[in-house]
Amino acid sequence: MTYPWLEQVESEFAERLNSNRLPHALLISGPAETGKLNLAIEIMTSLLCLQNTHPACGTCRSCQLLASGAHPDRHFITFEEHPRTGDPRREIVVEQIRRLIASLYLTNTISARKVALIHPMEAMNTHAANALLKTLEEPPGDANLILVSDDPLRLPATIRSRCQNLHVRPPDRENALMWLCDNSDFDQHEAGDALEAAAGSPLAALRIMEDGTVIQYRLVSETLDHLMSGRVAAGAAMAALADVEPLQLWSWLSLRAAAELKTVLAEGNKAKSLSLLQAAADRSRKLLPTPVRKDLLLQDWLIQWSRIKA
Ligand SMILES: [Zn+2]
């Protein structure tokens, strides 16, 4: 088992493995930092395990080779260094996919299958995706592909339609907080701030608590509160935020604006309900001289009133 919020997708996979209903290509998608790569590695280990179980046995020759980092039937495609400059590339290029395809057609040596893991899939450029497409359509009989993506909508539809999707959802706030408190020395309050700063991803929240970034998030959040209530002016706020890394700052500003928008929309819904209830009260008052069931009118009105969130 990896993380508790992955249990459902893991058992979904285990069921497919047990009943021999495995697709040649699996797409593991979901928000960033929710443990997708970890899950993909576990799945790859199970597919290569000589016991063919999930979780993998951990003791067979395949599991041991994987643990030591050298397994001839395992292929891991991610960013490579540029052969001339030595700089890491920012995309997965066609040469990598061509090499992968060639090795998928070789005979496997240890396991019953060959498994290729591609991460992050959305970093694959168009040439590379086109080269992969044919293999996705007609994969060699014993090859399995696992594609991992934060942003599956950026993948060509032709790629997506040829994969079975395993979608990873982050846990709800309550479960995320529980997991964070169990796995760190931080209290509920700190974990709550970190979870907010990490847009709900518990792994990102843990990382920013451990590296201290959460302190910066608090500074940003407090500065925005003070600006909104008029306690500080924009100039002072700018000075307070001067040391926050710009990319991080803008993503937090976006998160805060989205959270405020949610509150305002909820307020808007409340205003609408109240205006409808006022009209209903006026209508009911006018109906009093008629033979209408006054108890039902009142009951209905009170039920509607009770549903308005404080
Ligand atoms: Zn094994």
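User: What makes up the domain assignment of the chain?

Analyst: The assignment gives domain 1 (4-167), domain 2 (173-240) and domain 3 (261-306); such bounds come from an automatic or database domain assignment. The centres of domain 2 and domain 3, taken over C-alpha atoms, are separated by 39 Å. Please keep in mind that this is a predicted model, in which local features need pLDDT of at least 70, side-chain atom pairs count only at pLDDT 80 or more, and totals for chains, interfaces and linings use all residues. Residues are numbered from 1 along each chain as its sequence is written.

User: How does the radius of gyration of the chain stand against that of a compact globule?

Analyst: The chain has 27 Å, whereas a compact globule of 310 residues would be near 19 Å. The radius is taken over C-alpha atoms, and the globule rule is 2.2 Å times the number of residues to the power 0.38. The C-alpha atoms fill a box of roughly 90 × 60 × 40 Å along the principal axes.

User: How many helices and strands does the secondary structure come to?

Analyst: There are 13 helices and five strands. Both are DSSP runs numbered from the N terminus: helices are H or I with at least four residues, strands are E with at least two.

User: Which strands stand at the edges of the sheet, and why?

Analyst: The five strands form an open sheet in the order S2-S3-S4-S1-S5, with parallel pairing. Strand S2 (74-77) and strand S5 (164-167) each have a single partner strand, so one side of each has no neighbour in the sheet, and these two are the edges. Neighbouring strands are turned by 20 degrees against each other on average, direction ignored.

User: Why is alanine 116 called buried?

Analyst: A residue is buried if 20 or more other C-beta atoms lie within 10 Å of its own, exposed if 12 or fewer, and partly exposed in between, with C-beta atoms placed from the backbone. Alanine 116 has 24 such neighbours, so it counts as buried. This residue is in strand S3. Not counting residues up to four places away in sequence, alanine 116 touches His75, Ile77, Leu100, Leu104, Ala143 and Leu145; contact here means C-beta atoms, placed from the backbone, within 7 Å.

User: What puts leucine 6 in its burial class, and which residues is it in contact with?

Analyst: Leucine 6 has 23 other C-beta atoms within 10 Å, so it is buried. It lies in the segment before H1. Leaving aside neighbours within four places in sequence, its contacts are Gly35, Leu39 and Val168.

User: Which class does glutamate 33 fall into, and why?

Analyst: Glutamate 33 has 19 other C-beta atoms within 10 Å, so it is partly exposed. It lies in the loop between S1 and H2 and has a positive phi of about 55 degrees although it is not a glycine. Alanine 199 is also partly exposed, because its count is 18; its phi is likewise positive, near 55 degrees.

User: What makes S1 count as mostly covered?

Analyst: Five of its five residues are buried. Ala25, Leu27 and Ser29 are on one side, with Leu26 and Ile28 on the other.

User: How does the reach of H2 stand against the expected value?

Analyst: The expected span is 1.5 Å times one less than the number of residues. H2 has 13 residues and reaches 18 Å from its first C-alpha to its last, close to the 18 Å expected. Its buried residues, including Leu39 and Ile43, pack against helix H1 (7-18), S1, helix H3 (61-68), S2, S3 and S4.

User: Which peptide bonds are cis?

Analyst: One joins histidine 54 and proline 55, with omega about 0 degrees. Another runs from histidine 119 to proline 120, with omega near -10 degrees.

Key
Pairing = 2+ DSSP bridges. Axes fitted to C-alpha atoms, helices over the stretch in contact; angles between N-to-C directions. Contact = placed C-beta atoms within 7 Å.
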